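I wanted to know what lines it.

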Amino acid sequence: MSAPEQQADPVTGGLSQKGLSAGTVGLIGAIVIGISCIAPAYTLTAALGPTVSAVGLQVPAVIIVGFIPMLLVAFGYRELNNRMPDSGTSFTWAARAFGPWIGWMAGWGLVAATILVLSNLAGIAVDFLFLLIAQISGNESIADLSANPLINVAVCLAFMAAATFISYRDMQTTQKLQYFLVGFQVLVLLLFAIAAIVEAVGGHGFDATAFDWSWFNPFAVSSFSAFAAGLSLSIFIFWGWDVTLTMNEETKDPDRTPGRAATGTVIIIVSLYLLLSVALIMFAGVGDGEYGLGNPDIQSNVFFSLSGKILGPLAALVSLAVLTSSASSLQSTFVSPARTLLAMGHYGALPPAFAKVHPRFFTPGHATLVSALVASVFYAVMRFVSENVLWDTITALGMMICFYYGLTAFACVWYFRKQWLDSVRNVFFTFLFPLIGGAVLAVLFVTTLIDSMDPDYGSGSSVFGVGLVFVLGVGVILVGVAVMVWQAIRRPAFFRGTTLAIDAPPGRRRRAVVAAD
């Protein structure tokens, strides 16, 4: 069912031009899936400690500064989606702005980043599952079971299989599951934050620190290198909101709902992050004492370490929230690579099998299974071969995120270049905002690229004296180039620009071909 004849009514239902079920996701559903993909509980419990080590009390300031380029890039995504809703998002938009070669690499960046993070999310879910069981049973040795490679990989593949099964089914199944998982996660995080503030104000905190508005001042960070390190972490904790755009062909009012959902998602997430960071700083301080946020012994899982002190007998709720956060993100993250691969197959950039949708569920079944298979094999092999390679690959994801987000932001600027001066609104939303957002991400990409050449970066592993993170990050990009060249030989029509005219917005079909020339 790669080229369905039935055309979609974008609001009332039917099938989209790629065969997806149109009109099944509303604004609230899209925001919920966006929050799920970001996984705020898991992301912040792992990122808060390292960010404190980099910038101290200025964590709220760095979160806001990291939020700004994400918001500016989201504005660019929204403008592109308004003009041409397409499940290929970065791939399709960059291809129509800069031509098929750059568009293909933008799609590769998105797919590579999301498939690699799928394996990480499954592994994290395994860790927190055994941690939760140990916490509930009072038997700490159970938590050590996740360190056994055979047990770890077996349970990880079980999580992956469950997430794949749900993603393979219709989008409404995903939506219903995420309402419950995200609702529980957010409620527990709010309870955790409020309880921490109450304990701190009541004088029961570990290192109670009085709230101060200076925490929101980015200029109080000790050095630019510390600021850049904190900003890099901050950028990562917002990644995933663009899933709301990859669902655009399945949303109600696809011209506007995905863009609004993306903006709403990042605003809700930044509000939640600021509340939690302020609350935990007030309770635990930023020192390196037993429960201080600067203590490296607790930084891999800050929430777990502090939950007992803050919530007492309800501490297990926090571990359960982090588990549901990673598990729900595992499932919702499948949405992006599957639909991007679907679009790449639809336009002839990949084999036609990727353009197929399930005849009953109207989901990109083949693309979903391929994503799951690659992520599963990668995790299983790396877990046995070298954990350093596994975790350094995850560290290298920061480069991939900046790479494809930045390309998409610049695609917005270039695509609308003839409309920049049509109105004051266009000056900001199609030119200045995406240009600034893209420039910030480009600087971070280059900075990370340079820093990661240091063998001490990441796990401390190296290849011929060059940091492993750099080798992996550049390696993923070069693999993409190799696959692209191979596809250009096998499927030249896309790379000549002739297939880009399919589904192009009115008046833009000629441009799609010209861009390739």
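My entries below cover cavities, then a pocket.

**Set-up.** I worked from a predicted model, where local features need pLDDT of at least 70, side-chain atom pairs count only at pLDDT 80 or more, and totals for chains, interfaces and linings use all residues. Residues are numbered from 1 along each chain as its sequence is written, and side-chain values use heavy atoms, without hydrogens and water.

**Cavities.** I found four cavities of 30 Å³ or more. The largest cavity has a volume of about 120 Å³ (the space filled by probe spheres set on grid points joined across faces, edges and corners). Its lining has 13 residues (an atom within 4 Å of a point). Closest to its centre are Cys37, Ile38, Thr43, Val117 and Trp239.

Next I checked the helices (DSSP runs of H or I, at least four residues, numbered from the N terminus). Helix 1 (27-38), helix 2 (40-55), helix 5 (100-137) and helix 12 (316-333) each supply at least two residues of this lining. Helix 5 gives the most, with three.

By class, I noted eight nonpolar, five polar and no charged residues there (Ala, Val, Leu, Ile, Met, Phe, Trp, Tyr, Cys and Pro are nonpolar; Asp, Glu, Lys and Arg charged; the others, Gly among them, polar).

**Pocket.** I then turned to open space (protein on both sides within 12 Å along at least five of seven lines). The second largest pocket has a volume of about 510 Å³. Of its 25 lining residues, Trp108, Val111, Ala112, Ile115 and Val374 are the closest to its centre. Helix 5 contributes at least two residues here, as do helix 13 (335-346), helix 14 (365-385), helix 15 (387-415) and helix 17 (468-490).

Definitions and conventions. 1 Å grid on protein atoms, 1.4 Å probe; cavity = no way out; pocket = protein on both sides within 12 Å on 5 of 7 lines; lining within 4 Å.
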